[in-house]
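Subject: Handover of a structure, with notes

Dear colleague,

Please find below the structure that I am passing on to you. My notes on it follow directly after.

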Amino acid sequence: MTAIIRPALSLLAGFTLLLGVAVPLAFTGVAQLLMPGAANGSLVLREGRPVGSALVGQAFTGQEWFQPRPSATLADGEAAAYNAMAGAASNLGPSSAALLQAIEGRVAGLGGGPVPADAATASASGLDPHVSPENAARQVARIAAARGLPAPRVAALVAEMTEGRELGIFGAPRVNVLALNLRLAALR
Amino acid sequence: MTWQGWEQVALVLLAAVLAAIPLGRLMLPMARGDGGALAALERPLFAACGIDPAQAQSWRGYALAMLAFNAGGFLLLYALLRLQGMLPLNPQGFDGLPPALAFNTAVSFVTNTNWQAYSGEAAMSHLSQMAGLAVQNFLSAATGIALAFAVMRAFAGGGLRRLGNFWVDVTRATLWLLLPLSILLGLGFVALGIPQTLAGSVELTTLEGARQTIPLGPAAFQVAIKHLGTNGGGFFGANSAHPLEGPNALATGLQIWAQIVIPFALCLTFGHLAGAPRQGRVLLGVMLGFLLAGTAVVYAVEAGGNPLHLAAGLDPALGNMEGKELRFGLPLTALFTATTTGASCGAVNAMLDSLMPLGGMVPLFLIQLGEVLPGGVGSGLYGMLLFALLAVFVAGLMVGRTPEYLGKKVQAREVKLAMLAVLVLPLAILGFTAVSLVLPAATASIQDAGPHGLTEMLYAFSSAAGNNGSAFGGLTADTPWLDVTLGIAMLAGRFAYVVPVMAIAGSLAAKPRLAEGPGTLPTGGLLFGGLLAGVILILGGLQFLPALALGPLAEHFSLLAGKTF
């Protein structure tokens, strides 16, 4: 029996120290040294203070801001959009009456269809930082009116902030809402 | 579907195949049991652990060592999870896990399932993630690879009484394969935006003046092994869909690559070891065929959108976007979904529960087919070889000859054991699902009404028994009933499956390898590939058809008729 127990326990102990403590700590050190921005959540600074993460979506509710996709995240069991500490989806199935009702409500809130699909559906994480270029374009008139800006200027900003596919190949065209709103805040 | 979309799918799969070719060769010495130049480095470690690398084990000895190693790993992880509240590296101050959840989680990570009834950022200390979960990510993957090496040797050699040394195989797979690849991949993930820090979270004030807390942690390194080891347990609750775990399409593409590259490479290693590279390529070809078919269905169905939602006013251009992230695009979402379930990984970059009925049926069916397409690291290969034995047996029945595979006569004992292993999955999946669908304590966990609710329960037990770990997330999984029964299903899917496999290996190893005769069915070509695919579909899939008819198929037709639940 010791022929089995001893190797089992000593390998487990050794691997736990190596793979669970030594290597991850050293790896953390290297990552912090080489890529401190990315290793710490890709925070976006404004006047020296973090206002968000470039990767994580956040709620914008005012009419004068570009608004992100609907979010299904909760806080203490209550709806709380873009709660980054509890990323979550609706997980409602395709034939769910509750989902259909939610989508109908969002479409009505956006002034009727057709609306870009991302504008009326919740993402997988509830923290999607992007909207589709069509979704952003649809918000231009509202924002221009709320801010007293000429609509073409806002539309030009959307076009400028639209990102193409990564390496020209992978993913989808999209607009980062936080980055767009930061530029919007600087417009006058 | 667009050509541009298929280009993305093709490039990722091509990158995996191209990397698998050299990797398959690199693993060959390890599969032979040859330490090579690194043997000198291992010697002091083996001496300290009381391991004699020259002493090979019989199939029983090998299996016993594997079981002891995994039992020890389970106990250690269980203790760590229960006690995390009193241990260091717990910046968020999380309490220890309750017993049922700790049992479920420890079983889940030891069996390479990585089913998660908890949400990482809301329950796990950094110590539990690093020294508990991530360590088992390595060791459960290395266990699978070691078992695959032992089974390969049984096929490749003739007149063998011993299959190698489990301790040596598991150590080499960890130190010389998984660890270096994880470090490289992990650094790539940090560069793409996955955090790696000991800080717990950061609080900030948004442009609108609201507070937002961003979760952080030592994620990148753990995410690397999560994919390379086909574990799939997310650092964050939303898994690879979380913007800090799947920050962009490049990261998601790299994760797809990582979760199939080792299973692909092991097929080629097997071919080289058996001295018949074509045999390995056939297995890989069958896997690729199923993955492409699965991807095509998910891609087409999701791109078509949900007719109910389109009628409610959604523009059809983006397809069904509920539960999906915009940045990945549909093609890589579909490929991720097919590979993560074909490969027994279980990570997700979109929420499977919100896929269209047929889109959600693909991951479910890929799991039910036995997790061999390409399956988990190691476990996929030995599962595939089991189907290969059954395929030659079926062919042998048709022509009335004793079947052979790689010159080994496949006889009653092997076929009985193979069927025993293959039956574990339907027993655990259908048995537990059936019981859970009539127990009020279990049905209370179901979120969606109608056929979709049945699919949620069926998916949970398929995922657990198949050691996959992905979920239809609407199901409330952290209840005493589900924690315990899903835990049992995971144990059965891993260990009740692999012990018969090892017994087959022991029996085949002892047989001589016969030369090919004129009546031998060639197993290195297209004909056998087709036969193997058919056997996987019929023996692996057919028994699930009635359950699928009640779940996703019923939902598909009722949705077409405009019915909601």
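This is a predicted model: local features need pLDDT of at least 70, side-chain atom pairs count only at pLDDT 80 or more; totals for chains, interfaces and linings use all residues.

How far apart do the C-alpha centres of domain 1 of chain A and domain 2 of chain A lie? They lie 39 Å apart. Domain 1 covers residues 2-39 and domain 2 covers residues 43-186; such bounds come from an automatic or database domain assignment.

Residues are numbered from 1 along each chain as its sequence is written, and chains are lettered from A and ligands numbered from 1 in the order in which they are written.

Chain A

Six helices and seven strands make up the elements of chain A (DSSP runs numbered from the N terminus, with H or I over at least four residues for helices and E over at least two for strands). Their order from the N terminus is α-α-β-β-β-β-α-β-α-α-β-β-α. The radius of gyration of chain A is 22 Å, whereas a compact globule of 188 residues would have one near 16 Å; the radius is taken over C-alpha atoms, and the globule rule is 2.2 Å times the number of residues to the power 0.38. The C-alpha trace spans about 80 × 45 × 35 Å along its principal axes. Buried residues account for 48% of the 188 in chain A (buried: 20 or more other C-beta atoms within 10 Å of the residue's own; exposed: 12 or fewer; partly exposed: in between; C-beta atoms are placed from the backbone).

One residue of interest is A:Gly52, which lies in strand E2 (residues 49-53) of chain A. A:Gly52 counts as buried because it has 28 C-beta neighbours inside 10 Å. Leaving out residues up to four places away in sequence, A:Gly52 touches residues of both chains, including A:Val44, A:Leu178, B:Leu204 and B:Gln212 (contact: C-beta atoms, placed from the backbone, within 7 Å).

Chain B

Chain B holds 21 helices and four strands. Its radius of gyration is 23 Å, close to the 24 Å that the globule rule gives for 565 residues, so chain B is as compact as a globular protein of that length. Of these 565 residues, 62% are buried.

Helix H16 (residues 412-438) of chain B has 27 residues and reaches 38 Å from first to last C-alpha, close to the 39 Å expected, a span given by 1.5 Å times one less than the number of residues. H16(B) bends by about 25° at B:Leu423, and B:Pro426 follows within four residues; the bend is the angle between axes fitted to the seven residues ending there and the seven starting there. Among the buried residues of H16(B) are B:Ala428, B:Ile429 and B:Phe432, and the cover over its buried residues includes helix H18 (451-465) and helix H19 (480-510) of chain B.

Nonpolar cores

The largest nonpolar core has 220 residues, and B:Phe138, B:Leu389 and B:Phe461 are among those with the most contacts inside it. A nonpolar core is a set of buried Ala, Val, Leu, Ile, Met, Phe, Trp, Tyr and Cys residues joined through C-beta atoms within 7 Å. Helix H7 (residues 126-156) of chain B gives the largest share of this core, 20 residues. Domain 1 (2-39) and domain 2 (43-186) of chain A both contribute residues, so this core lies between them. A second, separate core of 17 residues includes A:Phe60 and A:Trp65.

With kind regards

Terms used:
Two residues are in contact if their C-beta atoms, placed from the backbone, lie within 7 Å.
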